[in-house]
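Hello,

Here is the structure I promised to pass on to you. Have a look at it first, and my notes follow below.

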Amino acid sequence: MAVVKKKRVRWTLPNDSDLVATRVRVNGTDGTIFLSDPFIDVPFPEAEIILPDAFPPGTFDLDTNYIVGLSSIDDVGNEGDIIEVSSPFDFVAPGVPTQIVVENI
Amino acid sequence: MLVLSKIKNLCFILFVLLILTDSAYAQKIYEFGAESVTVGWILGDDKAQWHEVKVEFLQGQFNLVYKVLLPAVQFTIPRPRSGKFEVSVRACRLYEAADQCSIWVKSSKSGIPEPWLIYWKPGIVTNIIIEDE
């Protein structure tokens, strides 16, 4: 089983009284965030996630710079402005060795 | 009811003043990062004793009514929550031990006939940190 080095993303929540979640989007190909990008909602008052565990398998299948977009969601579904940060994410474990030979020396 | 109908004749011309903010106006929806909006109005006649400002959110059935005593003819609405809302004002007076108020008049803006829609977005997250686990 491959093991990857994980990353923690944490943030400070705004002061709104009606927040229910923080929406976290990721994009590893376009250099920006689109509303259609995969996302998860982190329930209030949590303010951190562990990557790549928080997203479905396959979300981070590239060893590249990812854009992470965070926005706050209120109780009726309004979404605040998206704040983007960029970071290199390498959640791709090295390939497995092959042709392993054990011999006497 | 008679008095009420008289008061209905009050003709408000509402104008809305914006406090600060990014004024990215588009159609009738305005987006603000501010924590308050000021609504002002012009007296219809000299009968009003106070005014009431109603904030109606279009989602979540969330309404607020503020009482504004004369001579004030404007009121700064604090941000109670995010969402789209309309602002209405009516004039009121005490008559024979009962409150009598005009109809609610929705705020508008010059050149835009529809009720003036305001949108307070949820706040933004800050201090985003990405670190090794």
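Let me start with the charged pairs: nine salt bridges are found across the interface of chain B and chain A. Please keep in mind that this is a predicted model. One of the salt bridges joins Arg8(A) to Glu133(B), with 2.9 Å between the closest N and O atoms. Strand S11 of chain B, residues 126-132, supplies seven residues, the largest share of the side of chain B that touches chain A. By type, that side of chain B has eight nonpolar, seven polar and six charged residues.

The two chains also pair through their strands. Strand S1 of chain A (residues 7-12) runs antiparallel to S11(B), and five bridges join them. Within this pairing, Val9(A) is opposite Ile130(B).

As for the extent of the interface, 21 residues of chain B and 29 residues of chain A take part in the contact. About 2300 Å² is buried between the chains, 50% of it from carbon and sulfur atoms. On the chain B side, Val125(B), Ile130(B) and Glu133(B) lose the most area to chain A, together 29% of what that side buries.

Polar contacts feature too: 15 residue pairs make them across the interface, counting pairs with both residues at pLDDT 80 or more.

One more residue to look up is Arg79(B), which lies in the loop between strands S6 (74-78) and S7 (83-95) of chain B. Its relative accessibility is 16%, so Arg79(B) counts as buried, the cut-off being under 20%. The side chain of Arg79(B) makes a polar contact with that of Asp16(A), at 2.8 Å.

Enjoy exploring!

Best wishes

Definitions and conventions: Residues numbered from 1 in each chain as written. Chains lettered and ligands numbered in written order. Predicted model: local features only at pLDDT ≥ 70, side-chain atom pairs only at ≥ 80, totals over all residues. Heavy atoms only, no water. Helix = DSSP H or I, 4+ residues; strand = E, 2+ residues; numbered from the N terminus. Buried < 20%, exposed > 50% of the residue type's maximum accessible area, 1.4 Å probe, protein only. Polar contact = N/O pair within 3.5 Å; in protein donor to acceptor, adjacent residues only side chain to side chain. Contact = heavy atoms within 4.5 Å. Buried area = accessible area lost by both parts, 1.4 Å probe. Salt bridge = Lys/Arg side-chain N within 4 Å of Asp/Glu carboxyl O. Nonpolar A, V, L, I, M, F, W, Y, C, P; charged D, E, K, R; others polar. Pairing = 2+ DSSP bridges.
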